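Please look at the protein shown here. The questions below go through its inside, its surface and its charged pairs.

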Amino acid sequence: MHRSDFSDLNTFLAVSDHLSFRAAAAQLGVTSSALSHSIRQLEERLGIRLLHRTTRSVSLTDSGIRLLEGLKPGMEQISGTLEELKNQQHRPSGRLRIYAHTDLALRMIIAPIWERFLSSYPEVNLELSVESAPIDLASIGFDAGVAVRSRIPSEAIAIRASDSIQVAVVGSRGYLAKSSMPRTPDDLATHRCVAFRLSRDGEVHRWNFERNGRKRTITPRAAVTLNSIDAAIQATVDGLGLAYLTEDLVRPFLKTGKLVQVLKEWSPSIEGFHLY
């Protein structure tokens, strides 16, 4: 189909609806002569007359009637689809795909609001993917991501989604009853630890500490290494060792006494998450 056919067919529909070049021109916001020229071009390309024109009236030829009957349903469908797309600006719908760099990003940023979000926008289907490796959102069809700033491409548009996150080193009462209480990060060398590794072949997450301007980084002596926050919490509650987790995650267990915090004066805050 010739690219100008769409415009000329729309012109033909307007003239057919009004049976008046002047009224059709007013609807489309063009001159009557421009409309007449478009109809002439369409008739020349098709090799048939579509309209009978006189100085007083306009009417459809048999060919014009056949074209109108075949054309109208399709054009109404196109118009309806365009109108539906416009309405989506006011009523979000469809699939929203979000990438979260860690379970923690999902728990802290998305989980607290997902019920309210889906209640507000029931026509949205939320798809979440937790992956440790950085990904190119656009190339695989994701709409947004949640990660720490250092994991976000420099060209991405990012906004802060959380404050800094407070760290807590914790252990079960049972484990600490059998072990000496650590007083400094160096004391952890004699303790079993629940270590965390984000990716299958990535490095074990190192534990950073800070007190009165002094900084210390250690690699934990892992009794068990995991890549799931839920599993890390369970392993700590079960007494497998000390874990380096966020205060928000372990607060319920501290309240019930299942976990005890150690090295509190050394526990730093770490970078929060961004939505990009």
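Predicted model: local features only at pLDDT ≥ 70, side-chain atom pairs only at ≥ 80, totals over all residues.

Residues are numbered from 1 along each chain as its sequence is written, and side-chain values use heavy atoms, with hydrogens and water left out.

Q: How many residues does the largest nonpolar core have?
A: A nonpolar core is a set of buried Ala, Val, Leu, Ile, Met, Phe, Trp, Tyr and Cys residues joined through side-chain atoms within 4.5 Å. Buried means under 20% relative accessible area, exposed over 50%, and partly exposed in between (1.4 Å probe, protein chains only). In soluble globular proteins, nonpolar side chains tend to be buried together. Val 146, Val 170, Ile 229, Leu 245, Val 250 and Phe 273 have the most contacts inside the largest core, and its number of residues is 24.

Q: Which element gives the largest share of this core?
A: Helices (H or I, at least four residues) and strands (E, at least two) are DSSP runs, numbered from the N terminus. Elements that give two or more residues to the largest core include strand S3 (94-100), helix H5 (103-110), strand S7 (165-172) and helix H9 (247-256). The largest share is five residues, and it comes from H5.

Q: How many residues are in the second, separate core?
A: Phe 21, Ala 25, Leu 42 and Leu 51 are among the members of this second core. Its number of residues is 18.

Q: Is Thr 11 buried or exposed?
A: Thr 11 is found in helix H1. Contact means heavy atoms within 4.5 Å, and Thr 11 touches Leu 28, Leu 35, Ser 38 and Ile 39, not counting residues up to four places away in sequence. Its relative accessibility is 6%, so Thr 11 counts as buried.

Q: How far from the side chain of Ser 162 does the backbone nitrogen of Phe 273 lie?
A: Ser 162 is in the loop between strand S6 (159-160) and S7, and at 11% relative accessibility it counts as buried. Not counting residues up to four places away in sequence, Ser 162 touches Met 108, Ile 109, Gly 272 and Phe 273. From a polar atom of the Ser 162 side chain to the backbone nitrogen of Phe 273, the distance is 2.8 Å.

Q: How far apart in space are Ser 162 and Met 108, C-alpha to C-alpha?
A: In sequence, Ser 162 and Met 108 are 54 residues apart. In space, their C-alpha to C-alpha distance is 8.1 Å.

Q: What is the phi of Asn 212?
A: Asn 212 lies in the loop between strand S9 (207-211) and strand S10 (214-218). With a relative accessible area of 75%, Asn 212 is exposed. Asn 212 is not a glycine, yet its phi is positive, at about 50 degrees.

Q: How many salt bridges does the structure hold?
A: Side chains of opposite charge can pair when their charged atoms come close. A salt bridge is a side-chain nitrogen of Lys or Arg within 4 Å of a carboxyl oxygen of Asp or Glu. The number of salt bridges in the structure is nine.

Q: How many residues apart in sequence are the parts that Arg 53 and Glu 43 tie together?
A: The side chains of Arg 53 and Glu 43 meet in a salt bridge (2.9 Å, N to O). Arg 53 lies in strand S1 (residues 51-53) and Glu 43 in helix H3 (residues 32-46), so the distance in sequence between the parts they tie together is ten residues.

Q: Which residue forms a salt bridge with Glu 127 at 3.2 Å?
A: Glu 127 is partly exposed, with a relative accessible area of 27%. A network of salt bridges links Glu 127 with Arg 95 and Arg 97. The partner whose closest N and O atoms are 3.2 Å from those of Glu 127 is Arg 95.

Q: How far apart are the closest N and O atoms of Arg 216 and Asp 186?
A: Arg 216 is partly exposed at 34% relative accessibility, and Asp 186 is partly exposed with a relative accessible area of 44%. The two residues form a salt bridge, and the distance between their closest N and O atoms is 2.6 Å.

Definitions and conventions:
Polar contact = N/O pair within 3.5 Å; in protein donor to acceptor, adjacent residues only side chain to side chain.
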